[in-house]
Each structure stands twice: as structure tokens, then as C-alpha cells.
Amino acid sequence: MTSFPKPPPRKLQKARKAREDAKRAKAFREQVWTNGHGYCAQCHTWLDRPGDNGPLAVGHVHHLRGRNVAPEDRYNVDAAVLLCSVCHHGVHSGKLTLP
């Protein structure tokens, strides 16, 4: 009778995947900020990063197509833009459309 090695616990696999996803998401956000040069893609306002608590508007990384619609674009830098809080809210409420 052959014995097979016990697979790693599911909890450890999920934790490893969560760490990898967090690392990819951080790199993705950093690249979108770099590509956006710190400006809103719609109104061209200079932006602060979330948590900076500066006097400027806070920037948000926005996926051009929703992550539920296009999960393959989740970490695609070309499918995301940097927006200020006002423009980001306007896009999600339907009052503003991106070019």
C-alpha cells in the first residue's frame, strides 16, 4: 500500500493566495498612480494618496470596466485610471462618463 503525502491545509492555501493577491493589487495601484502622474484623469486635479491627510483631493484607482464584468482586467493597468473623489463618485452615480 502506498501512502500519499497529506496536502497542505486549505486555510494556509487561502492565506497564501490572499497575500499574493494583496501584493499584486498594491503593485497594480502603484503603477496606475505612476501612469496618472498624480492627476485626476477627468478634471486634472492634483491628488493625494489615500491616508496622506494632505490638503489635496484624494485619488482613487477606477477600473474602466467593472471587476465583475471583466475579471481578467483586475490587474490590467491599461484598463484603469486615476480619479479624484468627486469624479469617481460621478462615474459610479452615472452623472459622469469617461472618454
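# Notebook: a predicted model with two helices and three strands

**Overall layout.** I counted two helices and three strands in the protein. Helices (H or I, at least four residues) and strands (E, at least two) are DSSP runs, numbered from the N terminus. Going from the N terminus, I read the elements as α-β-β-β-α.

**Ground rules.** This is a predicted model, where local features need pLDDT of at least 70, side-chain atom pairs count only at pLDDT 80 or more, and totals for chains, interfaces and linings use all residues. I number residues from 1 along each chain as its sequence is written, and side-chain values use heavy atoms, with hydrogens and water left out.

**Confidence.** I checked pLDDT, the predictor's confidence in each residue, from 0 to 100. The protein averages 88, and 98% of the residues score at least 70. Strand S3 (residues 80–84) has the highest confidence, at 94, while strand S1 (residues 47–48) has the lowest, at a mean of 88.

**Overall shape.** How far does the C-alpha trace span along its principal axes? I got about 70 × 30 × 20 Å. Buried means under 20% relative accessible area, exposed over 50%, and partly exposed in between (1.4 Å probe, protein chains only).

**The sheet.** I found an open sheet of three strands in the order S1-S2-S3, with mixed pairing. S1 and S3 stand at the edges with a single partner strand each, so one side of each has no neighbour in the sheet. Two strands pair if DSSP finds at least two bridges between them. S1 and strand S2 (residues 57–63) pair in the parallel sense over two bridges. Which residue in S2 is the bridge partner of aspartate 48? I found valine 58 there.

Helix H2 (residues 85–93) lies across S2 and S3, and runs at about 115 degrees to S3. For that angle, axes are lines fitted to C-alpha atoms, for helices over the stretch in contact, and angles run from 0 to 180 degrees between N-to-C directions.

**The core.** A nonpolar core is a set of buried Ala, Val, Leu, Ile, Met, Phe, Trp, Tyr and Cys residues joined through side-chain atoms within 4.5 Å. The largest one here has 13 residues, and Val32, Cys40, Leu47 and Leu83 have the most contacts inside it. Helix H1 (10–36), S3 and H2 each supply at least two residues of this core. S3 gives the largest share, five residues. I then listed contacts (heavy atoms within 4.5 Å). Leaving aside neighbours within four places in sequence, leucine 83 touches residues including Cys40, Leu47, Val58, His88 and Val91.

**The loop between H1 and S1.** Cysteine 43 is found in this loop. Is cysteine 43 buried, partly exposed or exposed? It is partly exposed, with a relative accessible area of 37%. Beyond its neighbours within four places in sequence, cysteine 43 is in contact with Cys84 and Cys87. Cysteine 43 and cysteine 84 are 41 residues apart in sequence and 8.1 Å apart in space, C-alpha to C-alpha.

Histidine 37 lies in this loop too, with a positive phi near 55 degrees. Histidine 37 counts as exposed at 58% relative accessibility. I placed histidine 44 in the loop as well; its phi is positive, about 65 degrees, although it is not a glycine. Histidine 44 is exposed, with a relative accessible area of 57%.
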